[in-house]
Structure formats: C-alpha cells, structure tokens
Amino acid sequence: EVVALGGVARVDRGGHTALDLVYEFGLLPVAGYLETDEARARSAERFPHALAFCARCALLQQAYAEANDFLVERVYAHYQPTYSASRDVGAYMQSFLDSAIARADLRPGDVAVEVGSNDGASLEMLASRGYRAIGFEPAVTLAEETRSRGVEVRNEFFGSKTAENLLADVGEVRLVYTRHTLEHAFDPLDFLAG
C-alpha cells in the first residue's frame, strides 16, 4: 500500500520499516523470461513497479511485492544458465575463486557455499579442487542441471532459515560467496542475515 506522507510517498510493508518511494514506473510486465508467442507477450500480466529507499538499511530496492509469485513461477523456475556461457566468464570465475579460496584459507574438504549458483559452473570448479561445494539455486532447471553433474545444490531461496538448516546439516562453512543476487532477494535483510 502506498500512502502520501507530508509530500513524500511511503510504501507500507505490512509492519516492516516503511520505504520512501523514489520513482514510480507504473504497471510493467516482468522481465527475464520469454513468452511462447507475440500475442501472449503483448498481453503479459503487468505489475506495479517502483524504486524505494529504506532509511533503516540504506538499500534502494523494489517497492512492491505483487510480482513475487509470478517471478518464482515464470522466471526463477526456468532461469537461463549464464555462468558457462563463455571462456572469458570461465577464466574470470577461476580467478575469482583463486582469490576467495586464499582469503578464506580454504583447505581440501572444507565447505564452500555459492548463493545463486546458476548452472553450477563455479561449484564444479570448487569440487574439482577437493572442496565440498554446495549451491543455493531457486531455479528448478538450473538446480537439476547442476545435480546432474554430481554437484550438491539446494533448490531454494537463501535466507536466515535456509542458512540455519545448512549449518545444522554440514557444521562449519568456511566460504560463502554470491554474485548478482541481492537484486533478486524478496527480503534483502533476511538474505543478508543468512
């Protein structure tokens, strides 16, 4: 619900800290997936879209959650693989992992977790180096692809509860990394708490 508050629009998040509305884009279709034909694309469901600022955590974020179910069912369930797309991305991932492994002082057998593991390419790199690689990937198709290559992945969104469950299952985790995922978190504070 959006309410006017002294000339500034505020988004009421149902008891959570109110967000100051920065810009209202109006009703827009969801991006990140393709419809099966032009007619369906032109009549795609539209949702309110706006940017809002949280004064408590200083995060610029989506103001509305009306499209969340649609995102889960149409976009994240069938998200496209991107991390194995090119040699340049693969080389970057090797370099990124070299740095992360050194900074975490990772030893063979240690648990390393990737949040938003996409097609599992970096998890596969970790596993090949002797680490226990575990991914969190809400996209069903990508999680299945990763599992088919023998890499452990949890098909769920990451947050405080899933982090607690992971720790109960594996004990200590030496490395957690994530890239290009915060913008997909429905509850950014719970994501960061996890």
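Reply: In this predicted model, strand β3 (residues 19-29) and strand β4 (residues 46-53) pair in the antiparallel sense, with eight bridges between them. Within that pairing, Pro-29 is placed opposite Arg-46 of β4. Strand β4 also pairs with strand β5 (residues 60-62), again in the antiparallel sense, here over three bridges. Ala-52 stands opposite Gln-61 of β5. Together β4 and β5 make a hairpin, with six residues between the two strands. In its turn, Ala-58 has a positive phi of about 65 degrees.

A further set of strands is paired in the parallel sense: four of them form an open sheet, and their order is β8-β7-β6-β9. The edges are held by β8 (152-154) and β9 (175-178); each has a single partner strand, so one side of each has no neighbour in the sheet. From one strand to the next, the twist averages 20 degrees.

The partner of β9 in that order is β6. Strand β6 (residues 111-115) pairs with β9 in the parallel sense over four bridges, and Val-115 lies opposite Thr-178 of β9. Helix α6 (residues 160-170) packs on this sheet, where it touches β6, β7 (132-136) and β8. The direction of α6 makes about 155 degrees with that of β7.

Over the whole structure, a search finds 13 salt bridges.

Helix α3 (residues 87-104) packs against helix α4 (residues 121-128) at an angle of about 55 degrees, and their axes are 10 Å apart. Roughly parallel applies to angles under 35 degrees and roughly perpendicular to those from 65 to 115; α3 is therefore oblique to α4. The crossing of α3 past α4 is right-handed. On the α3 side, the contact is made by Gly-90, Met-93, Gln-94, Leu-97 and Ile-101, and on the α4 side by Ser-122, Met-125 and Leu-126. The residues of this contact comprise five nonpolar, three polar and no charged.

Conventions: Residues are numbered from 1 along each chain as its sequence is written. This is a predicted model: local features need pLDDT of at least 70, side-chain atom pairs count only at pLDDT 80 or more; totals for chains, interfaces and linings use all residues. Side-chain values use heavy atoms; hydrogens and water are left out. Two strands pair if DSSP finds at least two bridges between them. Axes are lines fitted to C-alpha atoms, for helices over the stretch in contact, and angles run from 0 to 180 degrees between N-to-C directions. Contact means heavy atoms within 4.5 Å. Angles under 35 degrees count as roughly parallel, over 145 as roughly antiparallel, 65 to 115 as roughly perpendicular and the rest as oblique. A crossing is left-handed if the near helix is turned anticlockwise from the far one by less than a right angle, and right-handed if clockwise. Ala, Val, Leu, Ile, Met, Phe, Trp, Tyr, Cys and Pro count as nonpolar, Asp, Glu, Lys and Arg as charged, and the others, Gly among them, as polar. A salt bridge is a side-chain nitrogen of Lys or Arg within 4 Å of a carboxyl oxygen of Asp or Glu.
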